[in-house]
Structure formats: structure tokens, C-alpha cells
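Please read the points below with the sequence and the model open beside you.

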Amino acid sequence: MKPAENYKLWIDGQEIDAEGGEYFAVIDPGCGEQVGLTARGKSADIDRAVFAAHKAFYSQGWYGLKPYERGRLMLKLAEKINSERDHLAKLLSLENGKPLRESYDEVETTVRNFEYYGGWADKVHGRVVPISNEVLDYIRLEPLGVVGHIIPWNYPLDIFARGVAPCLAIGNTVVAKPAEETPLSTLEIARLSGEVGFPAGVINVVSGYGKEAGAALAAHVGIQGLAFCGSIETGKQVLRAAVENITPIVSLELGGKSPLIIFPAADVEKAASAGAHSILYNTGQSCGCLSRVLVHADMLENITQQIKDILAHVRLGTWDTDADMGPLVSQGQLERVLNYIQVGLNEGAKLVSGGRRVESGSFGRGFFVEPTVFTDVLPGMRIVDEEIFGPVLGIMTFETEAEAIQIANGSKYGLSAEVWTRDLSQAHRVAAQLDVSHVTINGGGGFGIEAPFGGVKQSGFGREGGWESILQYSRVKNIWVNL
Ligand code: ADP
């Protein structure tokens, strides 16, 4: 399936060409072929989008609705996305390369975000502050205004929805800039929002390059909030731009190097499987990918063997096959991952599985790499200090619980961690000491949209998910009434 059309920007409730009239190609990472074209939005288009969002905000066409009416529209959008899930999942797979099964997961998460936050719309209560019987002092949670969202390519729909839905629930309007690799599915959702009756200008989506459209959005004086998810380097640029305008709310999610800690009391088979599947899912291109596996030294051989056994049976393939793992998202990402594998070898880590690009037959046209495992990995090596964002796992050893925690925390990142142990006291003791915002104990998926997720240290700040997102995208107003 190929979308029969080229995609335009979605601004002020309409599909429109970029002001410069230019388009750029979106590529299927599984075969290198063009999926479609998308409009190349630049700073003038960001201006138009922010203006439209302003108009929609200040005309009270969105915040002026009754909260339940906003919620109802969000639920309608959720339903619409769900009814279009086949089309959306294919589109997402085409532009990102992920297996269709994973795209369906992501579309489902997108639906859930609009449902969940649609439900919150009429439940955002303020507070009454007890000052005296002569004074009524109360606190309102109000929307910020226009919120910009700069979205990465790894989970384009999920990250769009988790940021945009809470914004909308409380009455903000939004301008989103999807990644240049994966704009189509997001533009499609914007179009669906028009179909279900969202007022013009409430949701705007501008496709374009990061240095053009992304930078213009981050630096726009008209936004009152900015959510960015991407690399540390780009995050710093975005933050600098926000500083210039004193943009009041900035949320940065800048990736991770998440540890999977396997203690002797773990269900070893399940823990090893969690490690292997973490680099397979989305081809390891997840912020929360468990790319550092920390095992008790006595278990090294056993766990390494189990992970190798799982990976030996992995079927790679394009999105439309029943593959266990798809390609990387782009040629650039392929080169980055292959370079890191070489760095690992140069640093003296021992390659025990994978390590090569897959080029046989039609694989050569896409961006496939073998799932890769290193042992003899030591703190300080680049392959465990830096985020690779691919299917590469480094296995390290520890002797004591304290050492495991020390290694786990010895990272500039602090996003998430997963702990495996049947010893309940140990599980909670360790979870409390990990320098991350999210800990999973004994697997089971680990992430719910109903709970907050975000970074500490250089993984960023701000929280997406749950009630915390509503707080993040609102501002507090205090009103004193002299009775
Ligand atoms: P990656 O290098 O993996 O693509 P980035 O952090 O550069 O990760 O990209 C994440 C998002 O940030 C994308 O939407 C991208 O277009 C956007 N982006 C890239 N450069 C900039 C920039 N200078 N200012 C704002 N956004 C940018």
C-alpha cells in the first residue's frame, strides 16, 4: 500500500502548501523507496501555524467550550483513529519501517491517549485555600496558550498523542512539528481531527526539517509551552531558544541508556528474554531501550547464552512480513549504529552475537542490521556511556547489590531502569536508589500512559503521562475574593 497522495501542512483546519511550495520525500526504510512527499514547512509556515493556534485559543473557540465538550471531541477523535487504525498502522510502518504489529500497538496507544485525556477534560479541579472566613481564595488550573511539540521519528504517533492530548484536555491549542522521517501518520491524524469537528487552529501540524521548521517553532515568541523529544544535542539548542523567550514551560525527553539489572533471585529466563526483546522492539530505537544489561557475575554465561539463543532465531524483515525486527529508520541511523559497533570492537568489548549490516538479497536496499550483543563491557566505554539507538546490547557484571546500583547510576542519562528479582525487599530497595524517573520490576510491559514518564539528569526534565501531564501543561492562577 502506498498513500496515493502527497501530504500538505495542516494549519487552521486546512491542508495547505508550504509558503515556499517545496516538498521532500519520505522513504520506506525497509526498501529505500519513496513512500510519498510531504510539504517542506519553514519559519513562515510555523508563523502561520502559531498565528492560527493563537486565534483558536484567544477566540475562546476551544478553551471557551465547556470542558465536557472538549472531552467529547477528543473521544470522537480517539474513536476515529481507532476506526482508521489499519490505514494509520500501514502508514506508520511505511515511513518508520517498524513491523505492522508494532504500529498497531502504537496506534492503540494513540487512541488510549486521546481517550484517557478526553476523560480528564472535565475533571481538572482547582483548590480553595483556607485563609479566613472573610476571604474566598481559590486556585484555578488554566491552559498556557499555544504549546509547541517537536516530535522524534521513533514513536511519532505515540509521542504526538501523549503530549498533545493533555494539552487539549485543559484547553491549550497546539502546533506540532513531526520528524522529517515520519510526518505522514501525524498529518493524517491532524486531518482526522478536522473530520470529527475540531475547531480550526486547535491542532496544527507542520512537516519540515529540524533546522528550519523545528528551530523556528522552538524559538517562536508566540508559544507558551514547548515539548521536545529527541537527542541531547538538539535538546540543548531547543532549550537555548526557549530561554530567549522565557517560554514558561519546557519539557525535554532526551533519551536514555537504561539498565536491566538481573539479580540472582530473578526468574532468569524471563529476565534474559526481556533483555533480548528490548533491543528487538522498534529495532532498539526506544528511549527506554534496556541497552545495558547488568548481571550478577555468576550468571553471566547462562544469561548471555539465553540472549544469544533468542537472537539466533530472530527473523528480520520489512514491515509487511511477519518479522520480529524491522530495519533502522534511515541510512544515517544505520551508519551511526554500525559505527558504534566498530567503536565497541575498538574499545575491546567482545562481540558475541550479530554485529553486521544485513545485505543479502532485497535486505541490501533497506537499513537492516543484526541484533548485536557485546560482553566484556566496562564502564567508561562509549558503547555503554552513549545512546546508540539501535539493536545493540552491552552485558556487564556486578558482584554486590551496591555495585549494581553504582554501575546503573554511573550514566549521564537517567530515564528508566528494569530490575529483576523475586526478593521483594531487594526490588523496592534497589528501585528507590536508582537515579531514574521510571523503574520496572519484573517486566510486564512497564509503561502505562496513565503514569508519568520522563527524565532525570541529561535525560531531560518534565513528565509525560498521567495527571502530571495535565499539571505540566497548565498554569496556576490564584484569586482572592474579599467577602
Ligand atoms: P535525531 O538526530 O535522532 O533525528 P533530533 O533530536 O535531531 O534526533 O530530532 C528530533 C526532532 O527534533 C525532529 O523532529 C527534528 O526535526 C527536530 N530538530 C532537529 N534539529 C532541530 C533544531 N535545531 N531545532 C528544533 N528542532 C530540531
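This is a predicted model: local features need pLDDT of at least 70, side-chain atom pairs count only at pLDDT 80 or more; totals for chains, interfaces and linings use all residues.

1. Residues are numbered from 1 along each chain as its sequence is written, and side-chain values use heavy atoms, with hydrogens and water left out.

2. The structure contains 29 salt bridges, a salt bridge being a side-chain nitrogen of Lys or Arg within 4 Å of a carboxyl oxygen of Asp or Glu. One of them pairs the side chains of K80 and E195, at 3.3 Å from N to O. This pair links distant parts of the chain, since K80 belongs to helix 2 (residues 67–83) and E195 to helix 6 (residues 184–195), 115 residues apart. Helices (H or I, at least four residues) and strands (E, at least two) are DSSP runs, numbered from the N terminus.

3. K80 counts as partly exposed because its relative accessibility is 23%, whereas E195, at 53%, counts as exposed. The classes are buried for under 20% relative accessible area, exposed for over 50%, and partly exposed in between (1.4 Å probe, protein chains only).

4. R315 forms a salt bridge with D322, their closest N and O atoms being 3.8 Å apart. Here R315 is partly exposed, at 43% relative accessibility, and D322 is exposed, with a relative accessible area of 56%.

5. Which residues are closest to the ligand? They are I151, K177, E180, S231 and T234, among the 17 residues that surround the ligand; a residue is near a molecule if one of its heavy atoms lies within 4 Å of it. The shell divides into 9 nonpolar, 6 polar and 2 charged residues, where Ala, Val, Leu, Ile, Met, Phe, Trp, Tyr, Cys and Pro count as nonpolar, Asp, Glu, Lys and Arg as charged, and the others, Gly among them, as polar.

6. Oxygen atoms of the ligand lie 3.2 Å from a polar side-chain atom of W153, 2.8 Å from a polar backbone atom of S231 and 3.0 Å from a polar side-chain atom of T234. Two or more residues of the shell around the ligand come from each of helix 7 (210–218), strand 10 (225–229) and helix 8 (232–245).

Note on methods: A polar contact is a pair of N or O atoms within 3.5 Å; within protein, one must be able to donate a hydrogen and the other to accept it, and residues adjacent in sequence count only if both atoms are side-chain atoms.
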